[in-house]
Every structure is written in C-alpha cells, then in structure tokens.
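Please keep the sequence and the model in view while reading.

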Amino acid sequence: MRGNWRKAFTWSAAIVLGGAAGWFLLPKLHELGHTWARVSSGRPGWLLVAVGLEILSFLGYMGLFRAVFARSGSRINWRESYEITMAGLAATRLLAAGGAGGVALTAWALKRSGMDGRTVARRMTSFLVILYGVYMAALLVFGVGLYLGLFSGSAPVGLTLVPAAFGALVIIAALSLSRLRGVTGVAAPESSHAIVRRAKWLGHSVAAGVRGALGLLRSREPGLLGAVAWWGFDIAVLWASFHAFGHVPPVGVIVMAYFVGTLANTLPLPGGIGGVDGGMIGAFLAFGVDPGTAVLAVLAYRGIAFWLPTLPGAIAYFQLRRTMGEWKAEEAAETETGVLQPVPAQVAVAS
C-alpha cells in the first residue's frame, strides 16, 4: 500500500512540475529561433577553437582517471578508460545533481572490472577530492586575487570573498578530516542510531579518500595535472565563446563567474540546464559584463559543453556494456578451467 501511495505521489508531482514547466516555457518557444540565430552568428573560428578546448578538457579528465584507477593488475586500459569516462561524463551532463550520475556509473563499471567495493569507494573519493580540490583552490585564489586587485576586473564581495571563504573552509575541513583514523565500514555500537553509524562510515571513507589523494599528490604522478586541465580547458571554452561574440571580460572575472555558476550543478536538473546558465549569467552581470554578450557566450559555452560529450558518451556506454560482456566471459572461462586465461590486448594490464 505504501509503495502505491509513493508511486501515485511521484506521478502526480511529475505531472504538476511538467505542467508548470509548460506554462512558463511554451510562451518562450517562439523566441528560440531568434536566440539560436544570434548564437549561430558568432565567429565560427572561435567556436571551433572552443570545441577543440572542450576536447582537451575531456582528455585531462581521462588522464586523471587513469592516474587514480588504472593501477597494476587492472583491466582498465586506454580503451576502457575512454568508455568509462565518456559514459560517465554523459551521465553527469544528463543528470547534474553534483555529478552523482557520473559517479554512480563509474563506480558500477569499476566493480564490474573486478575491483572490490572498498577500493572503488576509496579511490573514487580520492578522485573527487583531487578534482574538486582544484575547484576550491581556484575559488580561494581568484576570489582573494580579484578583491585585492591582483587580477583585473570588478570585485563585488559576494562574488569574491564569500566564494573564497567557502573554498578555504572546504579545504580546511578536508585536511582536518584526513587526520581521522579508523577502519572504514566498521559498524558503530548497537546502541547508536543508524544515522550515527552512517555518519561514522562516511567520515572514515572521506578521510581515507583524502589521505589517498594526498598520497597521490606526494607521488607527483603527472596524470594528476588532468584535474587542472579538466577545469582550465573548460573555462577556456567560455573564454573562447566570449571572443566569438565580441567583448571579453578579464580572465579573473571569467574564472569566478564560471565557478560560481557551476555551483548550480548540485541542483537535480538535467545537465544543470537553467541553473548553471542562470548562475553564470547572473554572476557576469554582477561583475558588470555586458548582458547581451554574457547571454550569448554562456549559451554557446553550454551548448558545446553539454552536447559535445552526450552522443559520444551514449555510444561509449554501449561499448562499455560490450566490454563488460568480455570481462564476464573471461571470468566464466577462468572458473571452468581453473586456469588464469591470457588477457586480450584490448584489456591488457594498465601500466
């Protein structure tokens, strides 16, 4: 009975939200053609540069993925790295929610490759710590830099010091949490509530992930620069989009507006559509950027960043399913013969 009520409520909410979206969006559809015409009027050369920069951003993401997950004894080679990362990026674009879709798909693929759940959780946490550590460091450096005049551009406190303080707090919290010791997954005493046990498990998991990230950083693994490339080249897409439509704001302004706008990725919207766009445009307006140019540049950026990985990512997902079938067949053969079968070239041990 409870399941039926829950299903009815879900469908009712979906209908109400769909009706509300139609009520507000349908009157705007006649403006879509005009908006697209304005976006397509940008300088083609700069838009092609933006596409190339987005591809470099994806390569940086793949490099970071390999640095964290493709260790000795892994089945994940370059082909598998491409399939997992592209499918995960497509999932992230289609369902924002802080990248939860991409994280879930990546963890699922890693487990299918033979990696145990605890290792997946620890390395995934390390991966996210490194990736978003660059995010928080950028908020701190560029926020303080703009406010102090080290970077050119206007410096409203709400878009400089406030995000910088947030970035600093997150970094301090992560480093402090890394000192937490304990065995991940050990249940709390029976007298504890479930929420307490989950909080302890989460705390120990994050702490282990932070320590793993710090260990990787100390190893000076070159692939970790992929985190900088992922964010840097993606921001460069926005920079190139401004070039395509005329006036280009200072680099510090572009960086801060980008990171403040992408905070909307935490909203459960398809690809962050609406939230990220509005956040970025609002940030640019607060920095004093021309509204018309800001709207066109952000729309061009979002079109490239959203659609470029979506179709290849969907194809990569089906390729990944086929790869998983190969892994399953290998495991079945090993079980039947009791002898370790040679690993085909396409799934050779990653270096």
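## Terms and basis of the model

Two residues are in contact when heavy atoms of theirs lie within 4.5 Å. The model is a predicted one, in which local features need pLDDT of at least 70 and side-chain atom pairs count only at pLDDT 80 or more, while totals for chains, interfaces and linings use all residues. Residues are numbered from 1 along each chain as its sequence is written, and side-chain values use heavy atoms, with hydrogens and water left out.

## Overall architecture

The protein contains 13 helices and zero strands; these elements are DSSP runs numbered from the N terminus, with helices being H or I runs of at least four residues and strands being E runs of at least two. Along the sequence, the pattern reads α-α-α-α-α-α-α-α-α-α-α-α-α.

Of the 351 residues in the protein, 41% are buried. A residue is called buried under 20% relative accessible area, exposed over 50%, and partly exposed in between, using a 1.4 Å probe and protein chains only. Among contacts between residues at least 6 apart in sequence, 74% join residues at least 24 apart.

## The nonpolar cores

A nonpolar core is a set of buried Ala, Val, Leu, Ile, Met, Phe, Trp, Tyr and Cys residues joined through side-chain atoms within 4.5 Å. The largest such core has 68 residues, and those with the most contacts inside it are Phe127, Leu238, Phe259 and Phe284. Helix 6 (residues 117–148) supplies the largest share of this core, ten residues. Another core, of five residues, lies apart from it and includes Ala244, Phe245, Leu296 and Ala300.

Which residues does leucine 238 contact, leaving aside its neighbours within four places in sequence? Its partners are Ile254, Tyr258, Met280, Phe284, Ala297, Val298 and Tyr301.

## Helix 9 and its packing partners

Helix 9 (residues 226–245) packs against helix 12 (residues 291–307) at an angle of about 135 degrees, with the axes 8 Å apart. Here axes are lines fitted to C-alpha atoms, for helices over the stretch in contact, and angles run from 0 to 180 degrees between N-to-C directions. Angles under 35 degrees count as roughly parallel, over 145 as roughly antiparallel, 65 to 115 as roughly perpendicular, and the rest as oblique. Helix 9 and helix 12 are therefore oblique to each other. Their crossing is right-handed; a crossing has this name if the near helix is turned clockwise from the far one by less than a right angle, and is left-handed if anticlockwise. Among the residues making the contact are Asp234, Leu238 and Phe245 of helix 9 and Leu296, Ala297 and Tyr301 of helix 12.

Helix 6 also packs against helix 9, at an angle of about 50 degrees and with the axes 9 Å apart. That angle makes helix 6 oblique to helix 9, and this crossing is right-handed. The contact involves Ile130, Leu131, Tyr132, Val134 and Tyr135 of helix 6 and Ala227, Val228, Trp230 and Trp231 of helix 9.

Is aspartate 234 buried or exposed? Aspartate 234, found in helix 9, counts as buried because its relative accessibility is 3%. Its side chain is joined to that of tyrosine 258 by a polar contact of 2.5 Å. A polar contact is a pair of N or O atoms within 3.5 Å; within protein, one must be able to donate a hydrogen and the other to accept it, and residues adjacent in sequence count only if both atoms are side-chain atoms.

Glutamate 83 belongs to helix 4 (residues 78–94) and counts as buried at 3% relative accessibility. The side chains of glutamate 83 and threonine 323 make a polar contact (2.8 Å).

## Glycines and a loop residue

Glycine 102 is in helix 5 (residues 100–112) and is buried at 6% relative accessibility. Glycine 102 touches Gly88, Ala91 and Thr92, with residues up to four places away in sequence not counted. From glycine 102 to alanine 91 the C-alpha distance is 5.0 Å, although they are eleven residues apart in sequence. Glycine 143, in helix 6, is buried with a relative accessible area of 0%.

Most residues other than glycine have a negative phi. Arginine 220 has a positive phi of about 55 degrees although it is not a glycine. Arginine 220 lies in the loop between helix 8 (194–218) and helix 9, and counts as exposed at 75% relative accessibility.
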